[in-house]
Every structure is written in C-alpha cells, then in structure tokens.
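User: I have just opened this one and would like someone to walk me through it. Can we take it a piece at a time?

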Amino acid sequence: MQYPDLNLLIALDLLLEEGSVAGAARRLHLSAPAMSRTLARIRETVGDPILVRAGRRLVPTPRALELRERVRTMVAEATGLLRAEGEPEFSRLDRTFTIRGNDFYASAHGGLLLKTLQARAPNVKLRFAPEGEGDDAALREGRVDLLIASNPPSGPEMRVQTLATEGFVGVARPDHPIFGDGGHGDGEDITAARFAAYPRISISRRGLFHTPVDQALSAMGLTSHVALVTGSLYTALAALSQSDLLLPLPDMMLPSMKRLGLAVRIFPIPLPLAAVVVRQSWHPRFDNDPAHRWLRQTTRAIALGQIEG
C-alpha cells in the first residue's frame, strides 16, 4: 500500500491560512518555487485547484473551504501527538499569543501579562485583537489563542473559564459640576437623579447608545442619555477633560488608572447595576499545549490578584 505524503497536509494548512504561496513558503522556510511545486502536488493529490487567482490574490475553491477546518484540526492533533510531554524550554520559546478582547482587559492587565510571561520566556510576544464577529471561527482556526469577554463563544466544544466578576464605577473630570464640592470629597453624596442629569459616554464596539445604565435609571423612573459612543477607551477618557460627560467603567480599570495618574475623578455609581462576569475561552485543540496552558494559568492568576505589578 502506498501512503500519501502527510507533509502535504501541513503545506495545505499553511496555504489555506496564508492565502499566498509566498506566505506559506516563508512559514515553511522554503523558496517560492518549491512551494509552488508543493501546491501542484496538492492539487494533483486532491483533484482540485485548491487556490485560484482572483486579480492579484489567490482565493480558495469550495473544496478548499470544505477541507480547511478538517485539515487544521488534523495538523493540530498530529502536532500534539508527536510533541514530547512536559513543559517546553521557556527560555527558548518563540511564540506570539493572540488574545481577543476589549480595551478594558488590555489596558488593565496587558502590560503585567507581558511582563510576567517574558520574565520566564523573553521571546514571547502578545497581540491584542479587538472583539469582532466570528470569534468562534477564529478560535477554531487557531487565529486567536484566547477570547476574553463577558459573552463566551457559542460553540459547544469551547472551553470556558471564569476570570473575574466586575462591578462599575463612574469617571469624570476632576472639576465636573456633578461633584459640587470644588473638587474635594469622595462623590458618595451623588444621587441617582444627579447622575442622570448629565450625558454619558458609551464604549461599544457595536455602536450602542442604550446601555444597562439606562435600564437601571428607567427602573427608578429616571431618564438620561448617551451623547457619545466610541469603540476606544482612550478616546472616551480624552473626551472627559473637555466636557461634562460621565463614563461608567469596570472596576478592573481602577489600579491602572491610578498608576497612570490620569486627570480624572472616580466615584461610585448610585445605581443597582448587575456585575459582569469576565471569562476566558479557548479551543480544546490547545488543552494539552504546555505553552498555552501556561498562558491561561497566568491570565487567571493576574485576574485573581495572585500576580501584581
């Protein structure tokens, strides 16, 4: 019996991921002509063009799209099967971890996470990617290592772990009229009615004007409104200094804001807002990957306050 060349699976996986012969060649440390010959062998073996030219790009055929997830899974399982047990040599680990989440997590914990990882593995790099559509697919395809969000992915096979439960605080410029104390005091005397009297900022990647704050105010017979929506935390913080806007933020932001010495004032929001559960999610392909397991353990230890900057 003649067995197929299983190295073609690895090449096919990279070709489908890169959508480029040159990109796949770089990943496999091959020349572009050698990668082109490999693609020709794949086409002959599969009986399909796999990638076809569309203008200046190569696009996958329907057969390639059908094979993509299966090929990715098979390559990951084979790699895990042949990897020796035990921890990797962290001092030589050269890997980029991609974490998808919002600005809050990256701002609150990103620096400490990188510092902690690089103390043991100096060649490790982090990439923070914004939340977006297709989070499940990104996890399945290995384009994202961890999803950190309040809403876990919908895929039943995904692994989900709770990191923290977050409440909310209000943020405003130091001399905002809501304080009425000349910039002194702790804001404890701010009432719900007083809070509702000022416009707010909503940080929303979906551009939402209606937030849980509006729901809580409505339940108390009060109305308020969001005057500014932005997808960026730093755009929101910059806007505070030039306006009477108020900004609700998760508790996790407090330590980093204090360290940065931002010209803002923090106060308790006088509303019964439900806490938000923050979770990290990953695809089971990474369950037994020692480096990925170390990443998950580190993110959780930081969220629990077991590692501090």
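User: Which strand is Gln280 found in?

Analyst: This is a predicted model, and in it Gln280 is found in strand S12, which spans residues 276-282.

User: Is Gln280 buried or exposed?

Analyst: Gln280 counts as buried, because its relative accessibility is 0%, and buried means under 20%.

User: Okay, what does Gln280 touch?

Analyst: Leaving aside residues up to four places away in sequence, Gln280 touches Leu146, Leu147, Ile148, Arg159, Val160, Gln161, Leu163, Arg296, Thr299 and Arg300. With Gln161 there is a polar contact of 2.6 Å between the two side chains, and the Gln280 side chain also reaches the backbone oxygen of Arg296 at 3.3 Å.

User: And how many residues apart in sequence are Gln280 and Ile99?

Analyst: They are 181 residues apart in sequence, while their C-alpha atoms are 9.5 Å apart in space.

User: What is the bridge partner of Ile148 in S12?

Analyst: The partner of Ile148 there is Gln280, and the strands concerned, S5 and S12, pair in the antiparallel sense over three bridges. S5 also pairs with strand S3 (residues 96-101), this time in the parallel sense over two bridges, and Arg100 stands opposite Leu147 of S5.

User: Which way do the S5 side chains point?

Analyst: Leu146 and Ile148 point one way and Leu147 and Ala149 the other, and all of them are buried. In a regular strand, side chains alternate between the two faces of the sheet.

User: Changing topic, how much space lies in the largest pocket?

Analyst: The largest pocket holds about 1400 Å³ of space, and its lining is made up of 49 residues, with Asn102, Phe104, Glu131, Ser150 and Ile203 lying nearest the centre. By type, the lining divides into 28 nonpolar, 12 polar and nine charged residues.

User: Which elements supply at least two residues of that lining?

Analyst: Among them are strands S5 (146-149) and S12 (276-282), along with helix H5 (103-120) and helix H8 (212-219).

User: What caps the N-terminal end of H2?

Analyst: Ser20 does, with a side-chain oxygen 3.3 Å from the backbone nitrogen of Ala22, and just after H2 the residue His29 takes a positive phi of about 60°.

Technical notes:
Residues numbered from 1 in each chain as written. Predicted model: local features only at pLDDT ≥ 70, side-chain atom pairs only at ≥ 80, totals over all residues. Heavy atoms only, no water. 1 Å grid on protein atoms, 1.4 Å probe; cavity = no way out; pocket = protein on both sides within 12 Å on 5 of 7 lines; lining within 4 Å. Points joined across faces, edges and corners; volume = space filled by probe spheres on them. Helix = DSSP H or I, 4+ residues; strand = E, 2+ residues; numbered from the N terminus. Nonpolar A, V, L, I, M, F, W, Y, C, P; charged D, E, K, R; others polar. Buried < 20%, exposed > 50% of the residue type's maximum accessible area, 1.4 Å probe, protein only. Pairing = 2+ DSSP bridges. Contact = heavy atoms within 4.5 Å. Polar contact = N/O pair within 3.5 Å; in protein donor to acceptor, adjacent residues only side chain to side chain.
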